[in-house]
Amino acid sequence: RMVNTMNKHILPPHHPNTPTRRLRTTTPLLKLLTLSQLLLLLPTPTQSANLSNCKGGCPLGELCIGNPFSQPVSDSECSPCAMGQYWWPCNFETLCFCNDIDNGGARIPPAPLSGEKVNDAIQLCEDDSTTDNVTVILTREMFDQIVKVNSTEDPQQSPSLQDVFGYGGFCAAVSQYNQNHDEKFAGMGTDEQIRREVAAFLAHVAADTFGFSTIREDHHCVDPVVGSDGITYCKPCKEEHYDKETKVCSQAYLATETSYTEFCDETRQGQQGCDCRNVTAAPVPLANGAIDVSGYIPAHSAYFTRGAIALSWNYDYYGASMALTGSASALCDSPDVVATNSQYFWGAGIYKWMEKMQFGTTGSTAHRQIMKGNFGGTVEVLYGELECPASQWTSLVHVGMVKERIAHVCNAGAVLGVYIEMDQCDVPIDCVECKELKDLYEQCKADGTCAACATWTDFVRSSAPTVAPLRVQPPSWDDWSHYSPSSAAGNRFGRSGRSNQHLGLISACSVLFLVSLLLC
């Protein structure tokens with residue numbers, strides 16, 4: 001009765017967590033538990049993984065403000081979250097967050113949390129200050145083994161693809177993102193988890209940029225030209241008029257249209273997206289004094305796809321701009337900086353990786369999934385039904401891209417000495433699956449189309465169970481008898497580790513059994 005009375009004041013009527021039955025106080029097992037123990041077993045609002053970052057108040061006295069990019073929400077609607085409210089908008093992660101805007105703080109929304117701790121013992125990139133006693137995850141040599149720029153570009157192009165895909169820009173982008181977020185890219189969990197994250201991220205970048213060969217979506221920027229004014233101009237083309245093999249556009253987009261209207265959602269402007277523009281053909285001033293007016297637009301006027309991991313539409317550019325700088329103007333005013341500035345090119349990809357949720361404002365992120373060692377989950381979060389199930393022929397392009405992701409993750413994983421499961425859903429909580437990806441991996445490895453996959457495990461420094469299974473028999477009594485609490489921190493796959501896992505499973509089942517009794 002006391003538990004029900006307490007919940008009555010904090011849960012609205014008919015809320016799914018509102019208790020509907022009384023506790024059976026005569027149950028003998030429950031008589032053995034104190035009231036405080038019962039409260040620990042009951043699900044409470046503070047145990048939700050999707051509560052606002054303002055939950056329990058802002059630790060430094062900041063304001064609890066809204067993130068209207070996710071959903072239309074005002075600061076006044078988020079303010080009560082810091083005083084204990086946990087229903088909308090407080091129950092959507094990152095929709096409300098603590099921020100010191102009164103003192104000039106940048107309005108940068110937080111990334112969804114993984115639950116892992118920051119690893120301060122490692123250094124992601126090497127620099128002049130790197131010493132021998134520091135663990136560097138990704139050296140320049142390793143990066144160059146993974147990021148091999150594939151291009152037949154004009155050697156006079158500026159900036160070059162080598163510059164945009166460069167190691168320095170990648171490292172700077174990671175530093176920029178991490179200094180503004182509690183949840184770090186390639187900085188959470190163990191050394192192995194960080195290597196997995198870097199390998200998986202670079203594998204997706206390789207696939208999204210067609211082998212590190214493109215920085216803008218091809219048919220929306222055919223034959224880019226840098227005018228004598230220093231501005232890059234693109235000739236957009238409709239997909240049906242574009243030959244992907246020859247990269248030739250048979251009819252310019254603006255040959256039949258008065259303006260370029262792609263990738264701008266007029267319902268998501270202002271605080272939810274960059275403002276849409278009336279993009280029309282613009283004369284291109286050439287170095288010899290001539291002017292080309294054959295259907296070109298300024299590249300900085302359009303929100304077509306760019307970035308290490310595909311960034312497109314006005315609301316995506318707004319979100320990335322806020323996440324990286326705290327200001328919408330950085331990318332809204334000049335979206336083409338994502339294609340020309342290495343730091344923003346990589347930063348846009350990191351933003352999608354860390355903050356794109358599976359269902360817009362709920363669900364998992366690619367970062368969360370790779371923290372579990374689940375590569376298939378990252379594919380599902382980032383690309384959804386376009387590529388999952390992996391064998392589904394939604395389009396020839398995406399079927400090929402799934403295979404490319406597999407091939408590239410095998411290569412990146414080998415370089416970084418880490419194995420990543422295609423489908424790691426042993427614990428179903430917050431686990432996302434890309435169905436049939438594991439089957440495609442096995443097929444790809446067997447038929448030789450993913451050459452790096454056949455030798456991947458030869459380079460693994462710390463192996464996953466499916467790489468080198470250490471035990472296939474059920475545990476014996478001898479295993480149980482050697483368990484002691486002090487051994488819980490032992491080798492993950494040694495005797496103490498196995499015993500701890502089995503006892504943990506039994507403990508979890510016991511708690512579930514007690515909770516079921518409480519709910520009866």
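Buried, in these notes, means under 20% relative accessible area, exposed means over 50%, and partly exposed is in between (1.4 Å probe, protein chains only). By that cut-off I logged Ser259 as buried, because its relative accessibility is 14%.

**Ground rules.** I am working on a predicted model, where local features need pLDDT of at least 70 and side-chain atom pairs count only at pLDDT 80 or more, while totals for chains, interfaces and linings use all residues. Residues are numbered from 1 along each chain as its sequence is written, and side-chain values use heavy atoms, with hydrogens and water left out.

**Overview.** I counted 19 helices and eleven strands in the protein. Both are DSSP runs numbered from the N terminus: helices are H or I with at least four residues, strands are E with at least two. Of the 520 residues, 47% count as buried. I also noted contacts (heavy atoms within 4.5 Å). Among those between residues at least 6 apart in sequence, 65% join residues at least 24 apart.

**Ser259.** I found Ser259 in the loop between strand S8 (248–249) and strand S9 (284–285). Setting aside neighbours within four places in sequence, I listed Tyr253, Leu254, Asn278, Val279 and Thr280 as the contacts of Ser259.

**Tyr242.** Next I checked Tyr242, which sits in strand S7 (residues 242–243). Tyr242 is at 11% relative accessibility, so I put it down as buried. Beyond four places in sequence, the contacts of Tyr242 include Asp218, His219, Val222 and Cys237. From Tyr242 to Ala252 is ten residues in sequence and 9.1 Å in space, C-alpha to C-alpha.

**Helix H9.** Then I turned to H9, residues 314–325. Its twelve residues should span 16 Å at 1.5 Å a residue, and I got 16 Å between the end C-alpha atoms, which agrees. The expected span is 1.5 Å times one less than the number of residues. Ten of the twelve residues are buried, so H9 is largely enclosed by the rest of the structure. Among the buried ones I noted Tyr317, Tyr318, Ser321 and Met322. Their cover includes helix H7 (167–179), helix H10 (329–332), helix H11 (337–340) and H12.

**H9 against H12.** How do the axes of H9 and H12 cross? They come within 9 Å and cross at roughly 100°, with H12 running over residues 342–355. I count that as roughly perpendicular, because the class covers 65 to 115 degrees (under 35 is roughly parallel, over 145 roughly antiparallel, the rest oblique). Axes here are lines fitted to C-alpha atoms, for helices over the stretch in contact, and angles run from 0 to 180 degrees between N-to-C directions. From H9 the contact uses Asp316, Gly319, Ala320, Ala323, Leu324 and Thr325, and from H12 Tyr344, Gly347, Ala348, Tyr351, Lys352 and Glu355. I sorted these residues into six nonpolar, three polar and three charged.

On the two sides of H9 I checked phi. Trp313, in the loop between strand S11 (297–298) and H9, has a positive phi of about 80° although it is not a glycine. Trp313 is partly exposed, because its relative accessibility is 32%. Gly326 follows H9, also with a positive phi, near 80°. I also marked the peptide bond from Trp88 to Pro89 as cis, with omega near 5°. The bond from Cys388 to Pro389 is cis too, with omega near 0°.

Notes
Ala, Val, Leu, Ile, Met, Phe, Trp, Tyr, Cys and Pro count as nonpolar, Asp, Glu, Lys and Arg as charged, and the others, Gly among them, as polar.
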